[in-house]
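Please examine the sequence and the structure shown below. The paragraphs that follow lead through the spaces inside the protein and through the packing of its helices.

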Amino acid sequence: MKSNPLLKPVLLFFEDEHESATRIARASSMELATIERHRFPDGEIKLRLPDTLPDRVVILRTLNDPNEKLIELLLAAHTARDLGARHLTLVAPYLAYMRQDIAFHPGEAISQRVVGQFLAGLFDAVITVDPHLHRVATLQEALPVANAIVLSGAPLLADLIAARRQRPLLVGPDEESAQWIALAASRHYFDYAVCRKVRNGDRAVEIALPVRSVAGRQVVLLDDVASTGHTVARAAHLLLDAGATSVDVAVTHALFAGDALQVMLDAGVGEVWSTDCITHSSNAVSMATSLAGALAQIQAAA
Ligand code: R5P
């Protein structure tokens with residue numbers, strides 16, 4: 001179908017992301033339109049997009065609980081092209097499957113590569129926040145799309161921490177968090193340190209605290225994501241034992257599977273702050289303005 005070039009770029013969203021979509025649309029002055037979704041009793045999904053689309057279309061889908069959402073993106077992206085979209089951008093504030101970036105054991109799927117190539121086949125541009133890139137330097141290596149923009153929640157979380165805590169000590173719960181710790185600490189000249197972690201299972205982690213003293217300090221554990229909560233819970237437990245006066249948690253992505261929040265609180269964590277990349281009651285800062293800025297960059301380059 002022929003697109004209508006007179007129409008402004010549109011941001012398509014699914015009903016469960018209505019609030020995030022509204023915040024991004026407000027910050028970017030984009031038109032908003034819903035993707036209607038029906039789930040059949042047997043689990044298949046039917047989508048319905050607006051029947052007229054402009055040249056440039058943006059789809060918002062944050063990829064926590066990703067498996068069904070990846071099928072939604074497959075259906076939505078192909079349908080948007082059929083309806084005339086010539087340039088498709090994915091805004092996935094949380095990008096799933098980035099942690100399995102190598103085959104840790106023979107025969108394992110390298111999910112990062114597989115999912116990255118799948119999304120690159122659907123979209124011309126991708127915007128995301130703090131993707132878990134550890135052994136891979138750039139998002140485009142994992143997701144080989146023409147235009148990829150990576151934002152970080154760390155600066156906004158750092159501003160929040162500066163407003164809420166006196167002379168905090170930022171601690172990364174594992175080596176992989178060093179990149180976000182460095183970014184947040186440099187913004188407010190916070191003291192910082194990074195732990196070492198060995199993972200023995202989904203809910204079994206061993207943590208070694210950094211050598212610097214934490215006694216009498218207000219500690220904030222900062223990471224890209226908490227999933228089961230066991231990483232930050234174990235670190236919080238050790239930090240409090242070592243004399244920290246308080247331990248709070250700041251994460252970009254509140255995946256918080258099952259009883260994760262309770263696991264953290266039971267370990268003595270005081271407050272838990274997150275960005276709105278994944279909607280959760282702990283959301284304390286919004287990425288909407290940064291996402292709108294990235295969208296403007298993509299639209300200018302398209
Ligand atoms: C991995 O290194 C990530 O940065 C997080 O530390 C990890 O995903 C947290 O997982 P969990 O909350 O299940 O311990």
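Predicted model: local features only at pLDDT ≥ 70, side-chain atom pairs only at ≥ 80, totals over all residues.

How much space lies in the largest cavity? The largest cavity holds about 60 Å³ of space. Residues are numbered from 1 along each chain as its sequence is written, and side-chain values use heavy atoms, with hydrogens and water left out.

On a 1 Å grid over the protein atoms alone, a cavity is a set of points where a 1.4 Å probe fits but cannot get out, whereas a pocket is an open set with protein on both sides within 12 Å along at least five of seven lines; lining residues have an atom within 4 Å of a point. Grid points are joined across faces, edges and corners, and a volume is the space filled by probe spheres set on the points.

A search of the whole structure finds two cavities of 30 Å³ or more. The lining of the largest cavity consists of Ser20, Arg23, Ile24, Leu60, Pro93, Asp276, Cys277, Ser286, Met287, Ala288 and Leu291. Helices (H or I, at least four residues) and strands (E, at least two) are DSSP runs, numbered from the N terminus. By class, this lining has seven nonpolar, two polar and two charged residues. Here Ala, Val, Leu, Ile, Met, Phe, Trp, Tyr, Cys and Pro count as nonpolar, Asp, Glu, Lys and Arg as charged, and the others, Gly among them, as polar.

The axes of α1 (residues 18-28) and α9 (residues 288-301) come within 8 Å and cross at roughly 55°. Such axes are lines fitted to C-alpha atoms, for helices over the stretch in contact, and angles run from 0 to 180 degrees between N-to-C directions. Helices α1 and α9 are therefore oblique to each other; angles under 35 degrees count as roughly parallel, over 145 as roughly antiparallel, 65 to 115 as roughly perpendicular and the rest as oblique. The crossing of α1 and α9 is right-handed. A crossing is left-handed if the near helix is turned anticlockwise from the far one by less than a right angle, and right-handed if clockwise. Arg23, Ile24, Ala27 and Ser28 of α1 make the contact with Ala288, Thr289, Leu291, Ala292 and Leu295 of α9, where contact means heavy atoms within 4.5 Å. This contact comprises six nonpolar, two polar and one charged residues.

The second largest cavity contains about 50 Å³ of space. Its lining is formed by Tyr94, Leu95, Met98, Arg99, Asp130, Pro131, His132, Asp224, Val225 and His253. Five of these residues are nonpolar, two are polar and three are charged.

Attention may now turn to the open space. The largest pocket holds about 1200 Å³. Of the 40 residues that line this pocket, Arg99, Gln100, Arg199, Asp202 and Ser227 lie nearest its centre. At least two lining residues come from each of α2 (66-82), β10 (196-201), β12 (218-226) and α7 (230-241), and β10 gives the most, with five. The lining divides into 14 nonpolar, 13 polar and 13 charged residues.

Helix α2 also packs against α3 (residues 111-120), at an angle of about 25° and with the axes 10 Å apart. Helices α2 and α3 are therefore roughly parallel to each other, and their crossing is left-handed. In this contact, Leu70, Leu73 and Leu74 of α2 meet Val115, Phe118 and Leu119 of α3. The contact has six nonpolar residues, with no polar and no charged ones.

A further pair is formed by α5 (residues 154-164) and α6 (residues 178-188), whose axes come within 8 Å and cross at roughly 50°. Helices α5 and α6 are therefore oblique to each other, and α5 passes α6 in a right-handed crossing.
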